[in-house]
Amino acid sequence: MKNKPNILIINHTSVLRLYQRKLEYLSRNPDISYTLLVPQIWPESGFSTRAEKTSDPDYRIEVAKIFCPGSGTRYFFREKIACLIKELQPRIIDLVEEPWGAVCAQALFNRNRYSPHSRLVFHTSRTTEVAYPPPFPYFEKRFLAASSHGVCRSEKARQLLLARGFNGPTSVITHGVDLDTFRAKEVPELYKQLKLKHEFTISYLGGLKKEKGLQSLVEALAKVKGDFNFLVVGSGPYEKELKQLIAKIGLSENTCFVPSVPQARVADYLNLADVMVLPSLTTPNWEEMFGDRKSTRLNSSHIPLSRMP
C-alpha cells in the first residue's frame with residue numbers, strides 16, 4: 001500500500017518497554033505507519049530510566065534529548081520533534097500527555113508550522129481543578145482549541161475536561177494492563193529476601209506522601225487482630241513521619257519498608273500481598289488519578305484491594 005497514513009505518538013512513559021506493548025499490537029495493522037518519539041532518559045521515583053526499547057520491526061522509534069526530565073508538565077524536546085513532523089506529515093499526532101504540558105505547546109507550534117493538516121489527540125487523567133502558574137493555563141487553552149479528540153482515563157476526567165472548555169469529541173479509555181506481566185505467581189525467593197515473618201501480608205505500594213492517606217491506614221492497622229506483615233513499597237517525603245507513627249503504635253516489628261522499585265519489578269512485589277490497601281485523602285487540589293490502573297493490575301494478579309477512605 002502506497003502512501004500509508006502516518007501516526008506520530010509522543011509518550012514519555014514509553015521509555016519503559018512495558019508501555020510500548022499497546023503500540024506493538026497496533027502496529028500489526030499493515031495499513032498504518034507508526035512512529036514513536038520518546039525521551040532518551042526519564043527520572044521517576046528515584047530511578048533514571050534510559051529508553052529500554054529503541055527499535056521494533058513494525059514501527060519506528062525515535063529517542064531524543066529533552067529539557068526538564070522528570071516533569072510531565074515542564075518537559076519538552078531539545079531535538080527531533082520539528083524534523084519528524086515536517087518529514088512525516090502525520091495524519092494524527094497522538095500526545096499521551098496532559099494538554100497543559102510544555103510538550104503539547106511545542107507539538108502545536110510545530111504542527112502549525114510544518115503540518116497544519118495533522119489532527120491533534122491528547123490524553124488526560126486529571127479529575128480536580130489545579131491552579132497551574134503561567135504559562136501553562138495559556139498552553140492548555142491554545143492546545144484544547146486546536147485539538148481534535150481527547151482521551152480521558154475516567155468519566156470524571158471527561159466531565160472536568162468539558163468544564164475546562166473542550167468542545168471536541170472525547171473517549172473514556174481506562175489504563176490497560178499487560179496480562180503477561182501482571183498475573184498471579186509465587187515469589188518465594190523475594191519473600192525470603194525481605195524476611196517477612198508472618199503468613200499474611202498487608203501491602204501498600206506507591207508514593208509516601210501525606211495526601212496518600214497513610215496515617216489513616218496505619219491507624220486502621222493498629223486495630224487489626226492477629227499476626228500480619230505490613231509491607232510498604234515506595235519512597236517520598238512522608239517516610240520519616242510514617243516510620244515514627246508506626247513505631248508509636250507498636251507496629252515496627254511487623255513492618256518492612258522497601259524503597260521504590262523499578263516498574264519491571266512491580267508485579268513481583270504485588271504478588272507478595274494477601275491484600276493491597278489503596279488509601280488517599282482527596283483535597284481541593286489533589287485526587288488520586290491512577291487508582292484504576294493499580295486496581296486493574298491487582299485484579300489481573302488475583303489480589304484483593306481495599307480502598308480508603
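Analyst: Let's start with the core. The largest nonpolar core has 28 residues, and those with the most contacts inside it are Leu-8, Ile-10, Leu-37, Phe-77 and Leu-95. A nonpolar core here is a set of buried Ala, Val, Leu, Ile, Met, Phe, Trp, Tyr and Cys residues joined through side-chain atoms within 4.5 Å. Buried means under 20% relative accessible area, exposed means over 50%, and partly exposed is what lies in between (1.4 Å probe, protein chains only). At least two core residues come from each of strand S1 (6-10), helix H2 (81-88), strand S8 (92-95), helix H3 (102-114), strand S9 (119-124), helix H4 (136-146) and helix H5 (155-163). Helices (H or I, at least four residues) and strands (E, at least two) are DSSP runs, numbered from the N terminus. Apart from this core lies another one, of 20 residues, among them Leu-190, Cys-256, Met-276 and Leu-298.

Before going on, the ground rules: this is a predicted model, where local features need pLDDT of at least 70, side-chain atom pairs count only at pLDDT 80 or more, and totals for chains, interfaces and linings use all residues. Residues are numbered from 1 along each chain as its sequence is written, and side-chain values use heavy atoms, with hydrogens and water left out.

Leaving aside its neighbours within four places in sequence, Leu-37 is in contact (heavy atoms within 4.5 Å) with Leu-8, Ile-9, Ile-10, Asn-11, Glu-62, Ala-64, Phe-77, Lys-80, Ile-81 and Leu-84.

Two charged residues on that list, Lys-80 and Glu-62, also pair up with each other: their side chains meet in a salt bridge (3.1 Å, N to O). A salt bridge is a side-chain nitrogen of Lys or Arg within 4 Å of a carboxyl oxygen of Asp or Glu. Lys-80 is partly exposed at 30% relative accessible area, while Glu-62, at 16%, counts as buried.

H4 buries Phe-136, Glu-140, Phe-143 and Leu-144. Seen down the axis of H4, these fall within an arc of 100°, so they line one face of the helix; the arc is that of the directions from the helix axis to the C-beta atoms. Lys-141 and Ala-145, on the other side of H4, are exposed. The cover over the buried residues of H4 includes S8, H3, S9 and H5.

Just after H5, Gly-165 takes a positive phi of about 105°.

Asp-94 is buried yet has no salt bridge, and the nearest side chain of opposite charge, Lys-22, is 5.7 Å away (Lys and Arg count as positive and Asp and Glu as negative; His and the chain ends are not counted). Instead, the Asp-94 side chain makes a polar contact with the side chain of His-123 (2.9 Å). A polar contact is a pair of N or O atoms within 3.5 Å; within protein, one must be able to donate a hydrogen and the other to accept it, and residues adjacent in sequence count only if both atoms are side-chain atoms. Beyond its neighbours within four places in sequence, Asp-94 touches Leu-8, Ile-9, Ile-10, Val-121 and His-123.

Elsewhere, charges gather: Arg-21, Glu-24, Lys-53, Asp-56, Asp-178 and Asp-180 are linked in a network of salt bridges. Within it, Arg-21 bridges Glu-24 (3.2 Å, N to O) and also Asp-180, with the closest N and O atoms 3.4 Å apart. Lys-53 is buried, with a relative accessible area of 8%, and its side chain makes polar contacts with those of Asp-56 (2.7 Å) and Tyr-59 (3.2 Å). Across the whole structure, a search finds 15 salt bridges.
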